[in-house]
Every structure is written in structure tokens, then in C-alpha cells.
Amino acid sequence: QVQLVESEGGLVQAGGSLRLSCAAFGLTFSSAVMGWFRQAPGKEREFVAALSRGGAQTNYADSVKGRFTISRDNAKNSVYLQMNSLRPDDTAVYYCAADYATSAQNMGRLAFKDVDYWGKGTLVTVSS
């Protein structure tokens with residue numbers, strides 16, 4: 001059984017930084033494209049970032065480009081999201097995602113039901 005377990009989020013002031021991690025269990029990690037999505041209160045879930053299997057290709061939502069960095073450690077079966085220059089509109093539940101069939105460039109275009117695996121999510125709150 002595959003499990004994606006996100007680290008605890010937290011409360012951070014605007015302009016601050018936070019690093020999320022996601023540990024994968026039961027997943028053939030090096031064969032999966034990994035990504036992060038988020039869902040703000042009252043809004044639909046949206047794509048944040050994705051990273052190819054080997055880590056060479058990344059894809060980011062325009063809203064986070066230049067501020068967020070996705071990375072992975074295949075030896076530790078983990079993916080990370082470094083979030084800098086956080087803004088109040090980054091407040092959301094952040095979800096780790098894994099998919100075997102897609103690419104980093106296409107992960108954000110997948111229907112959510114078509115993503116192979118999801119974590120349970122972790123809340124990040126950015127105060128102004």
C-alpha cells in the first residue's frame with residue numbers, strides 16, 4: 001500500500017520561509033513523477049510544482065516561480081518543497097502527489113482523480 005506522508009506545516013509570517021517534505025512508502029519512488037498541489041480555503045485544488053523522476057526537469061505554477069523550489073532525494077524516497085518569500089495568498093493545505101505515467105510538464109494538467117497517489121495534506125498559514 002502506497003502512502004505519502006507530508007511533514008507538518010505551520011504558521012509563518014509574510015516574507016518568511018518554510019520547507020515541506022513528503023516521505024513515500026510502498027512507492028517505486030524513482031519511477032514516479034512527484035509534485036505538490038495546494039488548496040486554499042474556498043478554492044479548488046491547484047498545481048504548485050512537479051519534478052521528473054531523475055530530478056532534472058521541474059515545472060512550476062506561475063504564482064510560485066522564483067519563490068518555491070521542488071527537489072527530491074531518491075535515496076530517501078522523499079520530495080521537498082522549499083517555500084521562500086511567502087505571501088498570505090500562499091495559505092493553503094499543501095498536498096504531495098505521485099504519478100507513474102505523467103511527466104513533470106504534464107502533471108499540472110492531470111485531472112485530480114487521475115493522479116495515482118495523494119498525501120493527506122498539511123496546512124500552511126501565512127500571516128500578514
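**Pocket, core and aromatic contacts in the predicted model**

The lining of the largest pocket comprises seven charged, three polar and three nonpolar residues. The structure described here is a predicted model. Among the 13 residues that line this pocket, R38, A40, K43, E46 and D89 lie nearest its centre. The space within the largest pocket amounts to about 190 Å³.

The largest nonpolar core contains 38 residues, of which L27, M34, W36, L81, M83 and Y94 touch the most other members. Two or more residues are contributed to this core by each of β3 (18–25), β4 (33–39), β5 (46–51), β7 (68–73), β8 (78–83), β9 (92–99) and β11 (122–127).

Six aromatic pairs were identified. In one of them, F37 and F47, the ring centres are 5.5 Å apart and the planes stand at 75 degrees, so the arrangement is edge-to-face. This pair links distant parts of the chain, with F37 in strand β4 and F47 in strand β5, 10 residues apart. F37 and F47 are both buried. The rings of Y95 and W118 are likewise edge-to-face, because their planes lie at 90 degrees, with centres 6.4 Å apart. Since Y95 belongs to strand β9 and W118 to strand β10 (residues 117–118), the pair ties together parts 23 residues apart in sequence. Y95 is buried, at a relative accessible area of 12%, whereas W118 is partly exposed, at 25%. Together with F112, the residues F37, F47, Y95 and W118 form one aromatic cluster.

In the loop between β5 and β6 (58–60), S52 is buried, with a relative accessible area of 10%. Beyond residues up to four places away in sequence, S52 touches V33, Q57, R72 and A104.

Technical notes. Residues are numbered from 1 along each chain as its sequence is written. This is a predicted model: local features need pLDDT of at least 70, side-chain atom pairs count only at pLDDT 80 or more; totals for chains, interfaces and linings use all residues. Side-chain values use heavy atoms; hydrogens and water are left out. On a 1 Å grid over the protein atoms alone, a cavity is a set of points where a 1.4 Å probe fits but cannot get out, and a pocket is an open set with protein on both sides within 12 Å along at least five of seven lines; lining residues have an atom within 4 Å of a point. Grid points are joined across faces, edges and corners, and a volume is the space filled by probe spheres set on the points. Ala, Val, Leu, Ile, Met, Phe, Trp, Tyr, Cys and Pro count as nonpolar, Asp, Glu, Lys and Arg as charged, and the others, Gly among them, as polar. A nonpolar core is a set of buried Ala, Val, Leu, Ile, Met, Phe, Trp, Tyr and Cys residues joined through side-chain atoms within 4.5 Å. Buried means under 20% relative accessible area, exposed over 50%, partly exposed in between (1.4 Å probe, protein chains only). Helices (H or I, at least four residues) and strands (E, at least two) are DSSP runs, numbered from the N terminus. Contact means heavy atoms within 4.5 Å. Rings of Phe, Tyr and Trp (its six-membered ring) pair if their centres lie within 6.5 Å; planes under 30 degrees apart count as stacked, over 60 as edge-to-face and the rest as tilted.
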